[in-house]
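Visitor: Please take a close look at one part of this model, the charged pairs and what surrounds them. Give the cut-offs as you go.

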Amino acid sequence: MKRTLALAVLAAAATTPALTANAQLVEEARIGVMQHNICVIDCKNADKEDGPNIEGEIVFASPDILSIILAPRPYIVGSYNTAGDTNFGGVGLLWNWDFAQGWSLEPSLGYVIHDGANESPFPQGDPRSDAFARENVYFGSDDLFRTGLALNRDFGPNWGLQLQYEHLSHGQILGNGRNQGIDNLGVRAYWRFGE
């Protein structure tokens with residue numbers, strides 16, 4: 001079910017150009033490759049899962065009501081793991097701050113669901129449980145926060161590339177117990193509509 005959701009969101013991102021010919025609600029479509037489960041700060045859970053992930057995102061125009069929080073743009077994201085590990089799909093908000101001609105920073109905050117492991121299916125002390133723990137991240141919850149930061153570089157009026165970092169974790173807010181989380185890093189291309 002969750003894998004189907006992630007694939008559906010990714011498919012929607014891929015078909016966005018056809019859907020946006022007459023609608024300006026969709027501002028951007030993005031697609032890229034993310035290295036899955038990298039080491040950033042706490043590396044004891046890094047590299048348990050493989051990758052890469054193929055990631056698609058649709059970014060919408062900011063509705064007027066969001067102007068009170070600096071007008072973030074809503075997005076839908078889907079990420080498919082090519083090694084058969086954790087896939088995810090979700091929604092969120094992103095802000096974009098230009099800091100030089102053609103350059104911008106983009107922090108984001110979102111919510112995703114995933115199809116990875118939350119805990120071992122084997123009882124504690126079972127040798128299979130240790131083997132499972134060596135190869136799987138224990139997310140502890142089906143619901144996760146997705147925080148991110150991207151560095152964007154425009155190469156024309158309609159397109160550019162971004163270096164994207166994302167962290168997925170429940171933060172002891174959306175779940176309790178295990179909270180190993182993952183970090184992903186990659187490059188995505190974006191296309192702006194109506195420029």
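Guide: Alanine 100 is part of strand E5, which covers residues 97-100; helices (H or I, at least four residues) and strands (E, at least two) are DSSP runs, numbered from the N terminus. The model is a predicted one, in which local features need pLDDT of at least 70 and side-chain atom pairs count only at pLDDT 80 or more, while totals for chains, interfaces and linings use all residues. Residues are numbered from 1 along each chain as its sequence is written, and side-chain values use heavy atoms, with hydrogens and water left out.

Alanine 100 counts as partly exposed because its relative accessibility is 36%; buried means under 20% relative accessible area, exposed over 50%, and partly exposed in between (1.4 Å probe, protein chains only).

For the setting, the chain has two helices and nine strands, in the order α-β-β-β-β-β-β-α-β-β-β from the N terminus. Of its 195 residues, 43% are buried. Among contacts (heavy atoms within 4.5 Å) between residues at least 6 apart in sequence, 60% join residues at least 24 apart.

Now the charged pairs. A salt bridge here is a side-chain nitrogen of Lys or Arg within 4 Å of a carboxyl oxygen of Asp or Glu, and the count comes to 14. Glutamate 55 pairs with arginine 146, with the closest N and O atoms 3.2 Å apart. This bridge links distant parts of the chain, from strand E2 (residues 53-60) for glutamate 55 to strand E7 (residues 143-154) for arginine 146, 91 residues apart. Glutamate 55 also forms a salt bridge with arginine 188, where the closest N and O atoms are 2.8 Å apart. Here the partner sits in strand E9 (residues 182-192), 133 residues from glutamate 55. Glutamate 55 and arginine 146 are both buried, and arginine 188 is buried as well.

Another bridge runs between glutamate 106 and arginine 73, the closest N and O atoms being 3.7 Å apart. Glutamate 106 belongs to strand E6 (residues 103-114) and arginine 73 to strand E3 (residues 73-81), so the pair ties together parts that are 33 residues apart in sequence. Both of these residues are buried. Through shared partners, salt bridges join Glu27, Glu28, Arg30, Glu55, Glu57, Arg73, Glu106, Arg146, Asp154, Glu166, Arg188 and Arg192 into one network.

One covalent link remains to be listed. The whole structure holds one disulfide, defined as a pair of cysteine sulfur atoms within 2.5 Å. Cysteine 39 and cysteine 43 form this disulfide, S to S 1.6 Å. Cysteine 39 counts as partly exposed because its relative accessibility is 40%, and cysteine 43 is partly exposed at 35%.
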